[in-house]
Amino acid sequence: MDINLQAKDIAEFLKISEVDAKQRLEKGFHHNHHEVAKDFNDANTDVNNPDSLLSWYRNTDSYIWELSAYHLDPGFNYSGMCEGISLGLVNSGKKDVLSIGDGIGSLCIRMAEEGLNPTYHDLKNSKTAGFAQFRFKRGETYRNYNIETLFTDNFEPKLGSDCFDAVVALDFLEHVVNVEDWARAVFACLRKDGVFIPNNAFGIGDLEHGNSIPMHLAINNRFEWDWDPLLVEIGFVRHENNSWWIKP
C-alpha cells in the first residue's frame, strides 16, 4: 500500500483534501488507533447491545483511518501477512476464497493480484465497507479487479453452503457477539478439503484488559483457550502448518 495513493482514495471517498488525508495518515497507527477507540466511547456504544454495536460500525469512518494506518505501518507488516496467505492459498490449489470482516479490503486486493477469486465480506451500508467497494471499483490502482461482495446486515452469519475453497478471518471474530455461530457457518460454507485461516485477538484490549480496544468484546475472552477445542468439536482438523484448519 502506498500512502499517497491511499490518501488520494480516502480524500475522494470522504470528500476532503488529499493534503488533509495524507497528514492524518502520517500521524501513524497509534494516533488513529486512539481515535477509533475514542470515537467508539464518545458515541456511548453499548458493548452489551448488538444494535448499538452495529450502529456504530455502520456510521463510523474512524476505521477507514485506523485500518489504513495499520496496513501502512511496516512494523505490523500487514502486507507481508496478506502476501503469505495469498501465496499459500495459490500453492495449495485453492481458488474461491471468502474474507470475512475484511474492512477496507486490502486482503481481497492482494488475493486478486495473485489470481485468486476473492469474495469480500463485511457489514452492509457501513462506511468502511463503502470505502472497500470504492477501492475495488473506482480506486486509484485497484479498479480493474473483479472482487465479489457478500454483506451481512447483523451478527447472524449467512455464508452459504459448500461454496468456498478457503475462508480467511483476520482480526474479526473478537468483534462479534456469537463466535460459535460464525465458526460453524465457516465450516458449512467450505467445500471438502477447504481451509479456514483465522487470526484472532481474543483477550486483547477489551474491557477486562485495559479497554484500549473497546470494540473487542470481553464476552469472547474465553476463546483464548476454548478456540481450538471449538474448531475440533465442529469437525475441523488442524493443517500441517499449524495455523490453518481443514474441513475433511
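Reader: Which helix gives the most to the lining of the largest pocket?
Author: That's helix 5, with 5 residues in the lining. Keep in mind that this is a predicted model.

Reader: OK, and which elements give two or more residues to that lining?
Author: There are helix 3 (28-42), helix 4 (50-59), helix 5 (62-72) and strand 2 (117-123).

Reader: How many residues line the pocket, and which lie nearest its centre?
Author: The lining has 36 residues, and Tyr63, Leu67, Asp171, Phe172 and His175 are the ones nearest the centre.

Reader: What's the lining like by class?
Author: It has 19 nonpolar residues, 12 polar ones and 5 charged ones.

Reader: And how much space lies in there?
Author: About 710 Å³ in this largest pocket.

Reader: Switching to rings. How many aromatic pairs are there in the whole structure?
Author: A search turns up 19. Take Phe196 and Trp227: they pair edge-to-face, 6.2 Å centre to centre, with 65° between the planes.

Reader: Where do those two sit in the chain?
Author: In distant parts of it: Phe196 belongs to strand 5 (residues 190-199) and Trp227 to helix 10 (residues 223-234), 31 residues apart.

Reader: Are they buried or exposed?
Author: Phe196 is buried, at 0% relative accessible area. Trp227 counts as buried too, because its relative accessibility is 7% and the cut-off is under 20%.

Reader: What lies over the face of Phe187?
Author: Lys247 does, at 4.9 Å from the ring centre.

Methods. Residues numbered from 1 in each chain as written. Predicted model: local features only at pLDDT ≥ 70, side-chain atom pairs only at ≥ 80, totals over all residues. Heavy atoms only, no water. Phe/Tyr/Trp six-rings, centres within 6.5 Å; stacked < 30°, edge-to-face > 60°. Helix = DSSP H or I, 4+ residues; strand = E, 2+ residues; numbered from the N terminus. Buried < 20%, exposed > 50% of the residue type's maximum accessible area, 1.4 Å probe, protein only. Lys NZ or Arg CZ within 6 Å of the ring centre and 35° of its normal. 1 Å grid on protein atoms, 1.4 Å probe; cavity = no way out; pocket = protein on both sides within 12 Å on 5 of 7 lines; lining within 4 Å. Points joined across faces, edges and corners; volume = space filled by probe spheres on them. Nonpolar A, V, L, I, M, F, W, Y, C, P; charged D, E, K, R; others polar.
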